[in-house]
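Q: I would like to learn how to read the features of a protein model, one at a time. Could you take me through them slowly?

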Amino acid sequence: MQITLSVFNTIGASLLLLLLGDFISTFLYHVPEHVFGKFHSVVHHGKNRNFLHYAVLSRNPLVLLDGFLGALPYFIFIPWLWQLSPVGTIIGLALGEFHVVWRHVTATGHITPQWIQTFCDACYITTPERHWQHHKNANIAFGDIFNFYDAPARRWLHWLRHIKRRYRRLAMN
């Protein structure tokens, strides 16, 4: 019974870290940055970029800052999830970091094998090919780890842009 509970807590902590971190990162950082900021768009969606270099190997402080800001929502849950399962929390962080590197391998010519693509589609996990769609068109394919955040993120993007336009009109009057 104790082993089963420990395994359940480990899996739960890992999944919660990934789900909650991706939710907060998508809706409180990524989408608002596309509307109100320039920082993420210049660093992550600029024309002069090599994804392997900037996402994994770059020592550019702005790239590191963008990466940290995107990862911060995952870090804020560590104190609570650590109480549930330290091992699960560490596994969740490791899986999140693995996914960051993996979703940027498209530029190196990597093609996800069909069986992995099928598994990821069934679990709503963002593949490198899907993430590449977001780099090609910053208005689609939201959700860094889970692609089920895409539809609500697009609505959030549309609403925030509406608010921004409305504020600009009011400010001009």
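Q: Is Arg-130 buried, partly exposed or exposed, and what is its relative accessible area?

A: The general idea is a scale of relative accessible area, on which buried means under 20%, exposed means over 50%, and partly exposed lies in between, with a 1.4 Å probe and protein chains only. Arg-130 has a relative accessible area of 22%, so it is partly exposed. Keep in mind that this is a predicted model, in which local features need pLDDT of at least 70 and side-chain atom pairs count only at pLDDT 80 or more, while totals for chains, interfaces and linings use all residues. Residues are numbered from 1 along each chain as its sequence is written, and side-chain values use heavy atoms, with hydrogens and water left out.

Q: Which residue forms a salt bridge with Arg-130?

A: A salt bridge is counted when a side-chain nitrogen of Lys or Arg lies within 4 Å of a carboxyl oxygen of Asp or Glu. Arg-130 pairs in this way with Asp-150, and their closest N and O atoms are 3.4 Å apart. Because Arg-130 lies in helix α8 and Asp-150 in helix α9, the pair ties together parts that are 20 residues apart in sequence. Asp-150 itself is buried, with a relative accessible area of 8%.

Q: With which residue does Arg-154 form a salt bridge?

A: Arg-154 also forms a salt bridge with Asp-150, the closest N and O atoms being 3.1 Å apart. The two are 4 residues apart in helix α9, so about one helical turn separates them. Arg-154 is partly exposed, with a relative accessible area of 38%. Through shared partners, the salt bridges join Arg-130, Asp-150 and Arg-154 into one network.

Q: How many salt bridges does a search of the whole structure find?

A: The search finds 3 salt bridges. One of them joins Asp-144 to Arg-103, with the closest N and O atoms 3.7 Å apart. This pair links distant parts of the chain, 41 residues apart, since Asp-144 sits in the loop between α8 and α9, and Arg-103 in the loop between α6 (86–102) and α7 (114–123). Both Asp-144 and Arg-103 are buried.

Q: How many helices and how many strands does the chain have?

A: Helices (H or I, at least four residues) and strands (E, at least two) are DSSP runs, numbered from the N terminus. By that rule the chain has 9 helices and 0 strands. Buried residues make up 39% of its 173 residues.

Q: Where do the buried residues of helix α8 fall when one looks down its axis?

A: An α-helix has 3.6 residues a turn, so residues three or four places apart point the same way. In helix α8 (residues 128–136), the buried residues are Pro-128, His-131, His-134 and His-135. Seen down the axis, these buried residues fall within an arc of 110°, so they line one face of α8; the arc is that of the directions from the helix axis to the C-beta atoms.

Q: Which residues of the largest nonpolar core touch the most other members?

A: A nonpolar core is a set of buried Ala, Val, Leu, Ile, Met, Phe, Trp, Tyr and Cys residues joined through side-chain atoms within 4.5 Å. The largest one here has 16 residues, of which Val-31, Phe-142, Ile-145, Phe-146, Ala-153 and Leu-157 touch the most other members. Helices α1 (2–36) and α9 (150–172) each supply at least two residues of this core, and α1 gives the most, with 4 residues. Contact means heavy atoms within 4.5 Å. Leaving aside neighbours within four places in sequence, Leu-157 is in contact with Val-31, His-34, Val-35, Asn-139 and Phe-142.

Q: Which residues make the nonpolar surface patch?

A: Patches are made of residues with over 30% relative accessible area and no salt bridge, where like charges are joined within 9 Å and nonpolar side chains (Val, Leu, Ile, Met, Phe, Trp, Tyr) within 5 Å. In this model Leu-65, Phe-68, Leu-72, Phe-75, Ile-76 and Trp-80 make a nonpolar patch of about 580 Å². Helix α4 (residues 61–75) gives the most to the patch, with 4 residues. Trp-80 has its place in helix α5 (residues 78–84) and counts as exposed, at 58% relative accessibility.

Technical notes:
Accessible areas come from the Shrake-Rupley method with a 1.4 Å probe; for residues, only the protein chains shown count as cover.
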